[in-house]
Amino acid sequence: MRTIGRVATLLVLAEKEEQAALLARAGAAGYRAVLGRVGSMAADKVVAAVETAVQREGLLDYSYRQMHSLYHAIIEALYGVCRGQLELGQILRTVGLTFAVVLGPREARAADPRDQWLAVALYGTIGAPKKGFEHEVIGLGINHL
């Protein structure tokens, strides 16, 4: 657990039974995290699901600076999932994603504890809204607080 992006990516790729141990290791390295799932044909619903999970778990203080950073990290991760086109339902695409939001230093045990970053990882499937017409995708967004 050396960097915030690695923490977010490992958490989102982990099987459910592995997540508790990874969360404990991340916490010991100075990171806080929120995990969740979302499925939608609308990008704004993905953003809303991630924001709601972060709010519910109290990960951020909801200052403009922190919310702005979260929004940009989510959008950056979505660009990875959608391969640069933030279109889902408009072109008959749907996603089923697991997400991880991680707050902490860019590198574990950073010298300056005020140097805080936010990472959003998305992993799951994208495709036509028909079973069997989807494939795996992953996206990662990192932003400074």
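Predicted model: local features only at pLDDT ≥ 70, side-chain atom pairs only at ≥ 80, totals over all residues.
**Entry 1: buried side of α3**

I started with the buried residues of helix α3 and found A43, V46, V47, V50, A53 and V54. They sit on the same side of α3, because their arc around the axis is only 130°. For my own reference, that arc is taken over the directions from the helix axis to the C-beta atoms. I use buried for under 20% relative accessible area, exposed for over 50% and partly exposed for what lies in between, with a 1.4 Å probe and protein chains only. Helices are DSSP runs of H or I with at least four residues, strands are runs of E with at least two, and both are numbered from the N terminus.

Residues are numbered from 1 along each chain as its sequence is written, and side-chain values use heavy atoms, with hydrogens and water left out.

**Entry 2: the rest of α3**

What covers that buried side? I get β1 (32–40), α4 (64–81) and β2 (94–104) among the elements over the buried residues of α3. On the face turned away from the buried side I see the exposed residues D44, K45, Q55 and R56.

I also checked the length of α3. Its 15 residues (43–57) reach 22 Å from the first C-alpha to the last, close to the expected 21 Å. The expected span is 1.5 Å times one less than the number of residues. Just after α3, G58 has a positive phi of about 65°.

**Entry 3: Y62**

Where is Y62? I find Y62 in the loop between α3 and α4. Its phi is near 65°, a positive value, and Y62 is not a glycine. Y62 counts as partly exposed at 32% relative accessibility. Leaving out residues up to four places away in sequence, Y62 touches E51, V54, Q55 and M67, where a contact means heavy atoms within 4.5 Å. As for distance, I get 21 Å between the C-alpha atoms of Y62 and A43, which are 19 residues apart along the chain.

**Entry 4: salt bridges**

How many salt bridges does the structure hold? I get two, taking a side-chain nitrogen of Lys or Arg within 4 Å of a carboxyl oxygen of Asp or Glu.

- R56 pairs with E57, with the closest N and O atoms 3.5 Å apart. R56 is exposed at 56% relative accessibility, and E57 is partly exposed at 48%.
- R106 pairs with E107 at 3.3 Å, N to O. Here R106 is partly exposed at 41%, and E107 is partly exposed at 39%.

**Entry 5: the largest pocket**

Next I went for empty space. Rolling a probe the size of a water molecule over the atoms shows where such space is left. I put the largest pocket at a volume of about 220 Å³. A pocket here is an open set of points on a 1 Å grid over the protein atoms alone, with protein on both sides within 12 Å along at least five of seven lines; a cavity is a set where a 1.4 Å probe fits but cannot get out, and lining residues have an atom within 4 Å of a point. Grid points are joined across faces, edges and corners, and the volume is the space filled by probe spheres set on the points.

Its lining is V12, L13, A14, E15, K16, Q19, L35, G36, R37, T98 and Y123. Two or more lining residues come from each of α1 (4–13), α2 (16–28) and β1. Which element gives the most? That is β1, with three residues.

I followed up on Q19, which is in α2. At 12% relative accessibility Q19 counts as buried. Beyond four places in sequence, Q19 touches L11, A14 and L35.

In α1 the buried residues are I4, G5, V7, A8, L11 and V12. Their arc around the axis is only 160°, so they share the same side of α1. They pack against α2, β1, β2, β3 (117–127) and β4 (134–144).

Is E17 buried or exposed? I have E17 in α2, exposed at 64% relative accessible area.
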